[in-house]
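Biologist: I am new to this structure. Please show me how to read it.

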Amino acid sequence: MTQQKNRRTPRQNGQPRAEGARDGARNTGTTPPAQPSRDAAGKKARPAEARKQDAPKPVAAAAGRTPDDHRTDDRRSDGRRTDSRTDPRAGRRAGDPGPDPAPPSLTRRRLLGTAGAAGAAGLVVGGAAGAVGAEVVREDAPTPLSSVGATSVDFRGDRHQPGITTPMQARGHLLAFDLAPGVDRRAVIALLRRWSATAERLMAGEPQSGGADTGIALDAGPSSLTVTFGFGRSFFGRTGLTARLPEALAPLPDFSADVLDPRRSNGDLWVQIGADDALVAFHALRAVQRDAGDAARLRWQMNGFNRSPGATARPMTTRNLMGQVDGTNNPKPGDPDFARRVFVPADGSPGWMAGGSYAVVRRIRMLLDSWDNLSLERQEKVIGRRKSDGAPLSGGTETTPVDLAKLTPEGSLAIAGDAHVRVAAPESNQGAAMLRRPFSYHDGFLDDGAPDAGLLFIAWQADPMKGFVPVQRKLDRGDGLSRFLRHEASGLFAVPPAPEPGSYVGRALLEG
Ligand SMILES: C=CC1=C(C)c2cc3[nH]c(cc4nc(cc5[nH]c(cc1n2)c(C)c5CCC(=O)O)C(CCC(=O)O)=C4C)c(C)c3C=C
Ligand SMILES: [Fe+2]
């Protein structure tokens, strides 16, 4: 599985930074780093001007949060580590300067304190905060980068590309490119080499090479950045590689609920960017776009989001814009059939896709005005789960298996015949399953005032014909939720395995 670890980045000159992405330091207006940071070319940059703190602001459960607070507990087996050197929850590092003997300025205080200390300062502090006392940070003392900023994902750390089993990030950008007319295979190889090198550096928290960095992410750590690359069906014709076109990239069938915009669908190349910081995500987006140069033109781009790590008091499954807990019954990396369902096997066809996966991307607008006018009872019936905590209407808690046969005392189905979870369940689809890893989106409002908002639905599977396609066929006919949805754009992409060291994404396809 994708390995994640906390590490400091060369962007910080080997020194922890004061301004954590979402830690208490930031919320209380702590100073910028005392140590010089590096500029894009790796030179030492001057320390930034200190920021003033006008008034203490609430601390959001500083000591109780984890990098994956928006995930269920059982999805924390992903290799993420907190590091006592960088994790504010772990307290001060051995050898770090202690509290300033001189009376500190209030403007320099970082309060991660006990409920008592927090109360005195008018702060709201999460339950686990008691382990760390009120901490006064010296004006010139390095402060650890928050665990959110410090967490990184290896570009080649796993057989599979990152961004598939990586826990969902707070920000996402999806981009599709078309190759420029006349671009030959050599230019495509050069493009994929550039993209791979950039993804590797940025995911490690390093600036783009060759002085090309825009500086957008200079103060931040890697923030769980992932960059994932895929090939659309049209890529193979454009590059003379039709002999290597996977069968699984056959066009998706039409569905009756589709109102697809071809300009926002498909594309030769697809890039998925995710990060727990908006600037880090945008930095990667710009780098990928600039790296494309004359070789490829942007075809479409969509921006999404999920709950931020630390927004909830304990790790929880995220919610979608309909307010539902969404993602509970996803296949889990620990499931015995997880790899078989999500990744192309080592002896799979074509060989260059072994260890890869297929991404179905759907922009699904939610008819939120109609949905929000439904009673809570109707909303829950449409899904088959409780809105408050995601528990199935057949009983239990969020993680209790759904009992599709359960009857109410009156003798009707506890989970309605057209409930989304019934129609979508593997039991209703001859075992078909996929890993759903979406982002929510909101692009303003339509002419009629309705929110242009919904889900950038991304489904990962070893074969779309055994994942998305049969399930969507069924949902299209009999899902109570489909009355509140419009599928507006669609794409299907072959996402090859992670490249070997020194190689680039897609080499086995282009040079195999
Ligand atoms: C073709 C596949 C699916 C599409 C498209 C889809 C859209 C969609 N779903 C929700 C909200 C929820 N979906 C939930 C479960 C669920 N959905 C699918 C498939 C598609 N959903 C599956 C396979 C499942 C799991 C079914 C099961 O085995 O129980 C849930 C319940 C919580 C959960 O398990 O994740 C919600 C809520 C929306 C809003 C949406 C389109 C915008
Ligand atoms: Fe669903």
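Modeller: By class, the shell around ligand 1 holds 15 nonpolar, eight polar and three charged residues. Nonpolar means Ala, Val, Leu, Ile, Met, Phe, Trp, Tyr, Cys and Pro, charged means Asp, Glu, Lys and Arg, and the others, Gly among them, are polar. This is a predicted model, where local features need pLDDT of at least 70, side-chain atom pairs count only at pLDDT 80 or more, and totals for chains, interfaces and linings use all residues. Residues are numbered from 1 along each chain as its sequence is written, and chains are lettered from A and ligands numbered from 1 in the order in which they are written.

Biologist: How many residues surround ligand 1, and which are the closest?

Modeller: A residue is near a molecule if its C-beta atom, placed from the backbone, lies within 6 Å of it. Here 26 residues surround ligand 1, and Gln324, Asn329, Ala424, Leu455 and Gln472 are the closest.

Biologist: Which element gives the most to that shell?

Modeller: Helices (H or I, at least four residues) and strands (E, at least two) are DSSP runs, numbered from the N terminus. H11 gives the most, with four residues.

Biologist: What should helix H4 span?

Modeller: The expected span is 1.5 Å times one less than the number of residues. H4 (residues 185-203) has 19 residues and should therefore span 27 Å, which agrees with its end C-alpha atoms, 27 Å apart. After H4 comes glycine 205, with a positive phi near 85 degrees.

Biologist: Which residues does valine 288 touch?

Modeller: Contact means C-beta atoms, placed from the backbone, within 7 Å. Leaving out residues up to four places away in sequence, valine 288 touches Leu175, Trp195, Thr198, Val227 and Val271.

Terms used:
Two residues are in contact if their C-beta atoms, placed from the backbone, lie within 7 Å.
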